[in-house]
Amino acid sequence: QGKIDIHEVNELIDRNSMDDNAYIFFHQLVLLALLMDDVEFLTRLFAMESFFYKREFIYTHLFFTVLTLGTQIRFKAYREKLWKSWAESDIALNFYFELFVDMDCLINSHFHGLEFYRSSKKTPEARLFSSCLLYLRAFMLEDEKLKTEEMENVLSVKVSKDTHPIPIARKFIALMLLESETLGTVSKALKENILDLENQIGAHGVAGKLNPIFHYWILEGLVIVGEYEFAEQIVQLLEKKYNILDQSYFNIGSLERLKTYKGLINVGLNRVQVARAYFSSIDADSYYPFSHQYDRIFYHALDYRLDKNESTLTTAKILADKIGYSKLLGMLIAS
């Protein structure tokens with residue numbers, strides 16, 4: 001009848017081992033459900049616990065399946081129904097919402113998913129993660145009331161030594177944006193706080209052993225607000241602490257983002273030839289699927305600042321307008 005029988009799927013899995021073939025089968029099921037718009041199956045996707053048991057979202061098969069799922073539901077009419085359902089699943093909160101941070105659709109649609117996530121997962125770390133992203137959205141929309149509300153949410157969360165480095169870095173991004181708008185710069189106190197946390201944060205989890213996950217997001221914020229000298233200091237700390245960067249599949253997008261940030265830092269410090277070399281080395285097609293267009297705004301901004309080509313700026317403006325980041329582009333191309 002054009003529907004996937006989840007009970008038959010579970011029985012089939014119970015009769016077989018959870019090897020690579022099982023995950024290939026799972027991926028194909030997801031593709032089939034998306035093709036058929038089988039909403040009932042998709043809402044219950046994360047209830048098939050066997051596929052997620054003792055796994056992390058960087059497990060190869062799950063990583064790419066979730067990326068596929070995230071990109072394909074973006075423009076489905078039933079996406080909010082999925083988000084609402086998935087927000088009730090501990091597995092989905094971890095494997096979907098915390099992996100597929102949809103920066104490309106944050107402004108126009110994915111913020112609804114984050115609101116479902118925040119309503120469901122109330123740990124300090126989860127509230128910080130979602131509130132920082134929702135503040136970023138409010139900032140980009142220049143919605144003063146919403147900015148105030150979301151900043152209050154951000155500041156209400158106390159960071160502990162157990163807090164994951166990425167939400168901490170996202171909090172710093174929110175504070176950078178606030179200070180850049182109210183003070184015209186990032187304060188010395190905030191920079192010292194960043195350096196203090198950078199000194200304390202070591203490897204975190206499987207994905208953090210060779211990855212400067214804190215540094216990547218700090219650099220994103222510093223580049224947006226044009227704090228190039230301090231950003232260069234963070235790059236130096238990154239390169240000193242992580243002399244060999246992980247080239248694994250789950251880190252490739254971050255490596256391309258890092259080259260983009262380095263290019264913008266150097267063009268901001270009037271080292272045009274160095275910036276041009278970084279730009280030439282960027283593989284923009286390798287940006288993460290959940291931030292592919294968002295990251296391309298940084299890429300186009302670097303391209304424009306190098307050559308002042310009006311067609312490049314037009315392309316960037318069309319993209320930024322489409323996904324709601326016109327303010328971001330304006331900040332990135334400011335001299």
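## Exercises on a predicted model

Leu35 has its place in helix 2 (residues 20-36); helices (H or I, at least four residues) and strands (E, at least two) are DSSP runs, numbered from the N terminus. The model is predicted, and local features need pLDDT of at least 70, side-chain atom pairs count only at pLDDT 80 or more, while totals for chains, interfaces and linings use all residues. Residues are numbered from 1 along each chain as its sequence is written, and side-chain values use heavy atoms, with hydrogens and water left out.

### Exercise 1: a nonpolar patch

Task. State which residues make the nonpolar surface patch, and decide whether Leu35 is buried or exposed.

Solution. Step one is the rule: a patch is made of residues with over 30% relative accessible area and no salt bridge, like charges being joined within 9 Å and nonpolar side chains (Val, Leu, Ile, Met, Phe, Trp, Tyr) within 5 Å. Accessible areas come from the Shrake-Rupley method with a 1.4 Å probe, and for residues only the protein chains shown count as cover. Step two is the membership: Leu32, Leu35 and Met36 form a nonpolar surface patch of about 290 Å². Step three concerns Leu35, whose relative accessibility is 72%, so it counts as exposed; the classes are buried (under 20% relative accessible area), exposed (over 50%) and partly exposed (in between), with a 1.4 Å probe and protein chains only.

### Exercise 2: a charged patch

Solution. With a relative accessible area of 53%, Glu8 is exposed.

### Exercise 3: salt bridges

Task. Determine how many salt bridges the count comes to, and which parts of the chain Glu142 and Lys327 tie together.

Solution. A salt bridge is a side-chain nitrogen of Lys or Arg within 4 Å of a carboxyl oxygen of Asp or Glu. By this rule there are 20 salt bridges.

Consider Glu142 and Lys327, which form a salt bridge with their closest N and O atoms 3.6 Å apart. Glu142 is in the loop between helix 8 (124-141) and helix 9 (144-155) and Lys327 is in helix 19 (residues 326-333), so the pair ties together parts 185 residues apart in sequence.

Next, Glu181 forms a salt bridge with Lys147, with 2.6 Å between the closest N and O atoms. Here Glu181 in helix 10 (residues 165-182) and Lys147 in helix 9 are 34 residues apart, and the pair links distant parts of the chain. Glu181 is partly exposed at 36% relative accessibility, whereas Lys147 is buried at 5%.

Finally, the side chains of Glu239 and Lys262 meet in a salt bridge at 2.7 Å, N to O. Distant parts of the chain are linked by this pair as well, since Glu239 sits in helix 14 (residues 228-241) and Lys262 in helix 15 (residues 252-268), 23 residues apart. Glu239 is partly exposed with a relative accessible area of 38%, and Lys262 is buried with 12%. Salt bridges that share partners join Glu142, Glu144, Lys147, Glu181 and Lys327 into one network.

### Exercise 4: positive phi

Task. Find what phi value Asp37 has, and where Asp37 lies.

Solution. Most residues other than glycine have a negative phi. Asp37 has a positive phi of about 55° although it is not a glycine. Asp37 lies in the loop between helix 2 and helix 3 (39-43), and at 33% relative accessibility Asp37 is partly exposed. Glu142, also a residue other than glycine, has a positive phi near 55°.

### Exercise 5: cysteines and distances

Task. Report how many disulfides a search of the whole structure finds, and how many Å separate Leu222 from Thr312, C-alpha to C-alpha.

Solution. A disulfide is a pair of cysteine sulfur atoms within 2.5 Å. The search of the whole structure finds zero disulfides. Cys105 is buried, with a relative accessible area of 8%, and Cys132 is buried at 3% relative accessibility.

For the distance, Leu222 lies in helix 13 (residues 213-225) and is buried at 0% relative accessibility. Leu222 and Thr312 are 23 Å apart in space, C-alpha to C-alpha, and 90 residues apart in sequence.
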